Amino acid sequence: MLRRAGHELRNALSGVSVNVEVVHSRSERGVAAGDLTAFADRARLQVGVATMLADGLLALMNSVMSAVADGTLKSVSGNGAGSQMELMIYGDRRDALLADIRRLASLTGVGVEERGQSVILKVLPEGQSHSKD
Amino acid sequence: MKHPKVLIADDDRSITEGLSAILRDEGYEVAVAIDGQKALDQLGTEPFGVVLADLKMPKVDGLALLKELQQRAIPTECIIVTGQATVDSAVQAMREGAYDYVEKPLTADKLNRLKALIPKALEKFTVQQKNRELSSKLEGLTHYGELTGQSEEMRGVYQIIEAVAPSNASVLIFGESGTGKELVARAVHAKSERAKGPFFALNCAALPKDILENELFGHEKGAFTGSVNEKPGAFEMADGGTIFLDEVAEMPPDIQVKLLRAIESRSIRRLGGKKEIDVDIRILAATNRDLQKALSDNDLREDLYYRLAVVELFLPPLRERLGDVKLLANEFLARYAEQNGKALNGFDDAAWEWILSYNWPGNVRELKNAVERAVIMSRGDKIKASDIMPRHLQRTGEFAAAITVPPGATLADTRRQLVLRAFASTNGDYARTATIVGMSAADVRAEIASLLNGEGRAGEANAAPAGNGVHRPAKPADPAPAAAKASKAPVKASAAGAKSKAKKR
């Protein structure tokens, strides 16, 4: 999941960089601001994606570290597609953390299942997700 | 292709839109495919000079796309854009034929690198595209200008002529006597921008020194006893066109100095003249000499050699392009049968066997003369071996006495030579040939049939007789000082005249 998140971050940053480069070079040549909006919007959108990925990674790391500390990391198995992790997420910030993790999961091709306080994250095969191992 | 296009294959729209804009701003025509399969579809319908492919894409990923491009022989240069810049994936991409790869994220530095890579990749694509067009143009070609031949060796010659003709570069043509060096020179001239200008051929071995100098540079009135009128030389007469100096290594050394000066200054001075006359000429030269020997013997000035041999072209002897022998023999037969009003129906099997087994030391010229003589001498409706064999060989049978195996010949080459020689010496008797060479008659038949069907590879014919003179050119390794040259080149008294006529081979 971390590897996939890393690739997605690179993709998002590429989107930012490429579109900012268009805005930069065209504005230097005096292209009207209106003609640059689409590129600026795309860059902004990719910044949003990168932010979601970063927030999700932080939420996941915080949850995993808490679970390790509390002894509520139930299982970690497999490697790559099909691998899964079950941990408990609880407390005041559960909903916020889970929301960030869900967004990360959707961007990286990871399934999220809730069983009570437990959360099961399962890395989906590549065909079922946009993300790339 | 006037404007090579760039195809971006990536499923990430934020990248394709931005990258397209950047490349369009750079002046490229850009198309986008949102996965590898769509990229393949587009590449199948229109040509793209460069493909920028993401390594990971739905359906067909970057590596699979590369493999398909290779498999389907789709001409393009592929630059892989990868978010997984591991050594393995990069090495694999290059191994699969990628031009280069760029790692994500595409920061300003990486975009600059990409911008620098694309024109280089396009240049490579354009050069290869031109080569492909040329190869396909020359594929199956049996005639090129006045040259005849469809062998790989001759296609190589045509390809060099195509490449060099539009330039103004001097060309030094190497080849044994009778291989058609002047025809190559004529083809270079005809394919050049000078084609409308004159083509002036001069045989440097044919004329005594004084006459050669006069022919080259001309003279003023009163330059020497009997020069009652001024006369322009070859350089002036070839102005705006091409001058072909055949047997240039036979040119006397002091004329070589004058020639060198004329080439360098692009101007000449007539004998007895004081003024410099500017000339706009291209120089083509030829020699049948072993160039290393001519240089070491000081017969050819080294500085002149470098001026003349900007491009070197080796014309293979006929024995090294066996596949062309049938084509040439048939063509000469048709030509001379028509000229002599004879209704001839080709060569009989024994004649073919002899034609294909003889090593033709006089090359195309000897074959042409042999066929002309055979047409005149023939009594039946087909040319027989006895019609076409030179008399001295008919008497002695020496053509079958020995074979020479050149360095680099394979076992198959040698076997074919043995079979052919034995076959010719038995007057086409399969059973006797089989006994002589220790093969089955069926194998002998198969060997002969493959030759008769034109499947004989170059170099599979008879090897060159020992010491036959011309070798493939090599630049001199240890240049001797030009000033040390003192020997005089021999002058052939019996060679042909100066202005040559185009002769169809």
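The following legends describe close-up views of a predicted model.

**Figure 1. Overall make-up of chain B.** The secondary structure of chain B amounts to 20 helices and 16 strands. Of the 505 residues in chain B, 40% are buried. Among contacts in chain B between residues at least 6 apart in sequence, 75% link residues at least 24 apart.

**Figure 2. The open sheet 2-1-3-4-5 of chain B.** Five strands of chain B form this open sheet in the order 2-1-3-4-5, with parallel pairing. Its edge strands are strand 2 (29-33) and strand 5 (100-103) of chain B, each of which pairs on one side only. On average, neighbouring strands of this sheet are turned by 20° against each other, direction ignored. Strand 1 and strand 2 of chain B run parallel and are joined by five bridges. In strand 2 of chain B, B:Val32 is the residue opposite B:Ile8. Helix 1 (residues 13-25) of chain B lies across strand 1, strand 2 and strand 3 of chain B, and runs at about 165° to strand 2 of chain B.

**Figure 3. Strand 3 of chain B and its two partners.** Five of the five residues of strand 3 (residues 50-54) of chain B are buried, so this strand is largely enclosed by the rest of the structure. Both of its faces are covered: B:Val50, B:Leu52 and B:Asp54 are buried on one side, and B:Val51 and B:Ala53 are buried on the other. In a regular strand, side chains alternate between the two faces of the sheet. Strand 1 (residues 5-9) of chain B runs parallel to strand 3 of chain B, and four bridges join the two. Within this pairing, B:Leu7 has B:Val51 as its bridge partner. Strand 3 of chain B also pairs in the parallel sense with strand 4 (residues 77-82) of chain B, over five bridges. There, B:Ala53 stands opposite B:Ile80 of strand 4 of chain B. From strand 3 of chain B the chain passes through helix 3 (residues 62-71) of chain B to strand 4 of chain B, in a right-handed β-α-β crossover.

**Figure 4. The open sheet 9-12-15-8-16 of chain B.** Five strands of chain B, in the order 9-12-15-8-16, form an open sheet with parallel pairing. Strand 9 (199-203) and strand 16 (311-314) of chain B stand at the edges with a single partner strand each, so one side of each is left without a neighbour in the sheet. From one strand to the next, the twist averages 20°. Strand 8 (residues 171-174) and strand 15 (residues 282-287) of chain B pair in the parallel sense over four bridges. In strand 15 of chain B, B:Ala285 is the bridge partner of B:Leu172. Helix 7 (residues 181-191) of chain B packs on the sheet, where it touches strand 8, strand 9, strand 12 (242-246), strand 15 and strand 16 of chain B. The direction of helix 7 makes about 165° with that of strand 12 of chain B.

**Figure 5. Helix 13 of chain B and its surroundings.** Helix 13 (residues 323-339) of chain B has 17 residues and reaches 26 Å from its first C-alpha to its last, close to the 24 Å expected at 1.5 Å a residue. Its buried residues are B:Gly323, B:Asp324, B:Val325, B:Leu328, B:Ala329, B:Phe332 and B:Leu333. The cover over these residues includes strand 7 (147-148), helix 6 (152-164), helix 14 (349-357) and helix 15 (363-377) of chain B. Just after helix 13 of chain B, B:Gly341 adopts a positive phi of about 65°.

**Figure 6. Strand 4 of chain A and its antiparallel neighbours.** Strand 2 (residues 84-88) of chain A runs antiparallel to strand 4 of chain A, with five bridges joining them. A:Glu86 has A:Ile120 as its bridge partner in strand 4 of chain A. Strand 3 (residues 110-115) of chain A pairs with strand 4 of chain A in the antiparallel sense over six bridges, and the bridge partner of A:Gly111 is A:Lys122. The hairpin of strand 3 and strand 4 of chain A has two residues between the strands, and A:Gly116 takes a positive phi near 65° in this hairpin.

**Figure 7. The contact between chain A and chain B.** Chain A and chain B contribute 18 residues each to the contact. On the side of chain A that touches chain B, the elements giving two or more residues are helix 1 (2-28) and helix 2 (37-70) of chain A. Helix 1 of chain A supplies the largest share of that side, 13 residues. The residues of this side of chain A divide into five nonpolar, eight polar and five charged.

Note on methods
Residues are numbered from 1 along each chain as its sequence is written. Chains are lettered from A and ligands numbered from 1 in the order in which they are written. This is a predicted model: local features need pLDDT of at least 70, side-chain atom pairs count only at pLDDT 80 or more; totals for chains, interfaces and linings use all residues. The expected span of a helix is 1.5 Å times one less than its number of residues. A residue is buried if 20 or more other C-beta atoms lie within 10 Å of its own, exposed if 12 or fewer, and partly exposed in between; C-beta atoms are placed from the backbone. Two residues are in contact if their C-beta atoms, placed from the backbone, lie within 7 Å. Two strands pair if DSSP finds at least two bridges between them. A crossover is right-handed if, with the strands pointing away from the viewer, the path from the first strand over the helix to the second runs clockwise. Ala, Val, Leu, Ile, Met, Phe, Trp, Tyr, Cys and Pro count as nonpolar, Asp, Glu, Lys and Arg as charged, and the others, Gly among them, as polar. Axes are lines fitted to C-alpha atoms, for helices over the stretch in contact, and angles run from 0 to 180 degrees between N-to-C directions.
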